Amino acid sequence: ALILLCLLSLLSDQGRKVHANADEGAVDPPKVEEKIGAVPNGLQTDSDVVKRESESISSRSLRSNAEKFEFQAEVSRLMDIIINSLYSNKDIFLRELISNASDALDKIRFLSLTDKEVLGEGDTAKLEIQIKLDKEKKILTLRDRGIGMTKEDLIKHLGTIAKSGTSAFVEKMQSSGDLNLIGQFGVGFYSVYLVADYVEVISKHNDDKQYVWESKADGAFAISEDTWNEPLGRGTEIRLHLRDEAQEYLEEGKLKELVKKYSEFINFPIYIWASKEVDVEVPAEEDESSDEEETSDSTSEEGEDEDAEKSEDEGTEKKPKTKKVKETSNEWELLNDVKAIWLRSPKEVTEEEYTKFYQSLAKEGLVDSDTLPLNVSREMLQAHSSLKTIKKKLIRKALDMIRKIAEEDPDESSGKDEKEVEKSGTDDDEKKGQYAKFWNEFGKSIKLGIIEDATNRNRLAKLLRFESTKSDGKLTSLDQYISRMRAGQKDIFYITGNSKEQLEKSPFLERLKKKNYEVIFFTDPVDEYLMQYLMDYDGKQFQNVSKEGLKIGKDSKNKELKESFKELTKWWKGALTSENVDDVKITNRLDNTPCVVVTSKFGWSANMERIMQSQTLSDASKQAYMRGKRVLEINPRHPIIKELRERVVKDPEDEGVKQTAQLIYQTALMESGFSLPDPKDFASRIYSSVKSSLNISPDATIEDDDDVEETE
């Protein structure tokens, strides 16, 4: 106990001595910025400020002498959503703070146009934004020298907001879950609670004293006159006391990246209190000096004599030995040094800079309009006729741009005069194949546009490209197809399927090729949906050659053929009742194939049936309603059909003839692109036919296998 008392008395004496020394006219400790030569009055922090703030910061509680307020109910609801947000994009808080700071600077600059005195003098007149971080206290500070806020402004702007804006944001959040929308509803400031659990807003307006607004987002906020922080002169300083999970925003590299991302085209300079390492020469320590001396002892005596003579001749003294060490210094670093693109000469701006600007601003593009009313609400603006006009013109502009790509492509100039192509010279070599490249990348989008946009359907149809029986492996257009149509041809012929190679062998093309008709190949699954909407083009109807209704010229013997095959078609239709065949007809669409199966004009084609069956959630019972009626079309000139007619006339009940007719139908079904409902039955009929051709008795049995018992 005696020892403890002695120690306490010694400590108290020392404390009194230190206090006495401090009172002997000692100069106040230098401020942070003064010590390192920074900008005066820029986010200064002296020892008294630290002491006064420690109580509030450490406990994260509102100051006891401050005036307390309750948040508006809508604000509390909004903040509750933000604080409990599970969304990953918390970076937007910095975007909103920078945007608000820029607005404040814009306001004071606007006022200064008519009254220059509002800017003040010295540093206060500098229109800039400063960002500083304190890793030890976990505080991120953003300051602007904008218009500032009065006490009334702090209550109005940070405690209550337009109910419509808050409600709209909350409803949008609940429906879409996109927190990035926060800046669109005038509630951007509250995004700070994504990363902070306690926020201080220090603000000074020219018409009022300096005040501090503070809140823990617990339903209340407090405002008090600021008598302890450094005078701002004018403007606002926001201090975010970061949450533990938001410590990444205390990393200088992270902040620089975000500031550059969100402030690339802000008109005002943005500075960050950056640290950097520099090499500084300091006196070498004694142990290091001795090491160097020992090293020099190992040199030759002759060398030492020469050095001694040289030093004597020159009359110089030995310099103290030094070493280089790295020291950390801080200074304000400008982050947005790129001048706004609209303030630069157009000659200086590169194409790459234009593209980058538009992408950062609007992702897709930018419309400059002087007809939009700005004194109405967003809801009214969205329904304004000007936006409809803009949408209409944007689409037309985009379509004209795409059409121009095609017109400038030499590969698309099949309709041009050869002399015109030669005149274009070598410039066209660069543009050669550019539309094919565009089509390969965006062709599906053009097709989807035709499906969805009825107004521009014909304009989009002009941009369609495809291969055909006459395109020689190149892409062709509908205009080029029409220019090659035969005299008297009324329809545009097309066929859908898996691949061009498969379609080229299709029996549906036999007669059309022979008569020199061109047929379009549609091999993309979306083409089936496309052709349900694209019914005609330039006065020509589209005709799927695998469906009913195909007309290829006139056949003078058609009536006679119908009559002569009437008995066969009637008999065959009855024999195929179980196969859901709607009718059996003669056709002139075939050349070398005995028969094909076609579908009704407005039903699904064989290719569409295949696509629908491959869908994950396909329902066979519902698909039955959409399947087209199947019609067996026979080639009256084919020897198999002629022989079958003779057999039917002789004996309609002949079982062998019935089996043959069934086998022919199943073969035609498969060749026409349909899947067989019973492959086993088809295989059995094939084997029976093979037996007959090899003169094997239908009753021939398979030899029994000699079973040999396996030893265990």
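**Reading strands, helices and confidence in a predicted model**

Strands β5 and β6 form a hairpin with four residues between them, and Ala217 in the turn has a positive phi of about 60°.

Colleague: Before we go on, what should I know about the model and its numbering?

Modeller: This is a predicted model, in which local features need pLDDT of at least 70, side-chain atom pairs count only at pLDDT 80 or more, and totals for chains, interfaces and linings use all residues. Residues are numbered from 1 along each chain as its sequence is written, and side-chain values use heavy atoms, with hydrogens and water left out.

Colleague: How many bridges join β5 to β6?

Modeller: Two strands pair if DSSP finds at least two bridges between them. Helices (H or I, at least four residues) and strands (E, at least two) are DSSP runs, numbered from the N terminus. Here, five bridges join β5 (residues 210-215) to β6, and the two run antiparallel. Ser215 stands opposite Phe221 in β6. Strand β1 (residues 67-70) also pairs with β6 in the antiparallel sense, over four bridges, with Lys68 as the bridge partner of Ala222.

Colleague: Why is β6 described as largely enclosed?

Modeller: Buried means under 20% relative accessible area, exposed over 50%, and partly exposed in between (1.4 Å probe, protein chains only). Five of the six residues of β6 (residues 220-225) are buried, so the rest of the structure largely encloses this strand.

Colleague: And how do I read the packing of α13 and α16?

Modeller: Two packed helices are described by the angle between their axes and the distance between the axes. Axes are lines fitted to C-alpha atoms, for helices over the stretch in contact, and angles run from 0 to 180 degrees between N-to-C directions. The axes of α13 (residues 385-407) and α16 (residues 434-452) come within 9 Å and cross at roughly 145°. Ile402, Ile405 and Ala406 of α13 make the contact with Gln434, Tyr435, Phe438 and Ile446 of α16; contact means heavy atoms within 4.5 Å.

Colleague: Where in the chain is confidence lowest, and where highest?

Modeller: pLDDT is the predictor's confidence in each residue, from 0 to 100. The lowest confidence is in helix α2 (residues 32-35), at a mean of 34, and the highest is in strand β12 (residues 519-522), at 96. Both faces of β12 are covered: Val519 and Phe521 on one side and Ile520 and Phe522 on the other are all buried. Over residues 49-59, pLDDT stays under 50. Where pLDDT is low, the predicted coordinates should not be read in detail.
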